[in-house]
Amino acid sequence: MSKNFRVLASVALAASLAATSACSSTRDEPSSSTGGSASNLIGIAMPTRSLERWNNDGAHLDDLLKKAGYTTSLQYADNKVDQQITQLENMINQNPKVLVVASIDGTALGPVLEKAAKANVKVIAYDRLINGSPNVDYYATFDNYLVGKLQGQFIEEKLGLKDGKGPFNLEPFAGSSDDNNAKFFFNGAWDVLKPYVESGKLVIPSGKKIAGEEDWKTVSITGWKSETAQAEMDNRINSFYTGGKKVNVVLSPNDSLALGIAQSLESKGYKPGADWPLITGQDADLANTKNILADKQSMTVWKDTRTLGDQVAKMVDAIVKGGTVETNDTKTYNNGVKVVPAYLLPPVVVVKEDVKTKLVDSGFYTADKLGL
Ligand code: BGC
């Protein structure tokens, strides 16, 4: 999709939301393109500003909803669970119609969501599922299992594992264990890679054993922190890669981890184009896209977060109007209390050769920003 087309599509979406908004007979006040009263308030709770994607996610959704005539309260919680809970409580006190929540800890929001339900506020889990609560009405996300599967298949293909090549030294990493997505990412990748670990074509010199259901947590990086991933990679290289042994491939679930892992490899003397390993990622963050162009990261799984915002804005509007909320998955996301109806968007693999066609031509980045 060209940049102009995307901009037009976004404007059209906002206009169509605004038009249906104005037509609604259930609203108790006239819609206004310059915002409205507290009774058409939509709360948006995002986890942190420290990761690029959440800034983009929040800004885009906020913009769409405002253009459609809603009043918004957009809050970031610095990855602190208590802060997010306080923000949600404050939002509920302002009597919003809907809360859109990208949770920090997917298991910690039960009590505050109970307050939301009592106040008749609907809840959409944004990108990350909220667990253990009956009061999650909808979930919008990318196909998280597919994200991991694409990473696993990329490794399988690039290493020629299907053709019997190997053995290769693999270091696996997983995301934050309090994030429900992390398990899906890891399982998607591991379902592809595990047979090669079992047949000895992938060897894990650090000795991390991932056999049981919950074993992925032994390689998880709390809070998705680059520094923690870097320190962990440093440790593994120092302890297990002596005597000229080299890392051939790193399964990294996302870009923030991939960034730390690349920094570690660089500090240990690995050279792009020479002995640099395959490294996977997710999000197409700016620094990582630059690393892909510089041969320091092999791929990223791009989730065009603008499409997630578009979908959530439509969900919000349908909830407020009492219309049908579009979902396309009513089986996968059991939060321990119920299966939450979800809308899953498709993730896309980006490698060096298609940074321009996928990320620049779609308007996600300008060529300038990437130094192209
Ligand atoms: C998101 C990823 C992101 C990670 C760290 C996950 O829940 O789906 O896109 O990289 O959190 O913020």
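Rings of Phe, Tyr and Trp (its six-membered ring) pair if their centres lie within 6.5 Å; planes under 30 degrees apart count as stacked, over 60 as edge-to-face and the rest as tilted. By this rule the model has six aromatic pairs. The model is predicted: local features need pLDDT of at least 70, side-chain atom pairs count only at pLDDT 80 or more, and totals for chains, interfaces and linings use all residues. Residues are numbered from 1 along each chain as its sequence is written, and side-chain values use heavy atoms, with hydrogens and water left out.

**View 1. Tyr-139 pairs with Tyr-333.** Ring centres lie 4.9 Å apart with planes at 75°, so the pair is edge-to-face. Ring pairs link Tyr-139, Tyr-333 and Phe-184 into a cluster.

**View 2. Trp-302 pairs with Phe-364.** The centres are 5.3 Å apart and the planes at 70°, so this pair is edge-to-face. Trp-302 and Phe-364 are both buried.

**View 3. Arginine charges sit over rings.** The criterion is NZ of Lys or CZ of Arg within 6 Å of the ring centre and within 35 degrees of the ring normal. Arg-53 sits over Trp-54, 4.0 Å from the ring centre. Arg-236 sits over Phe-173 at 4.1 Å.

Methods
Buried < 20%, exposed > 50% of the residue type's maximum accessible area, 1.4 Å probe, protein only.
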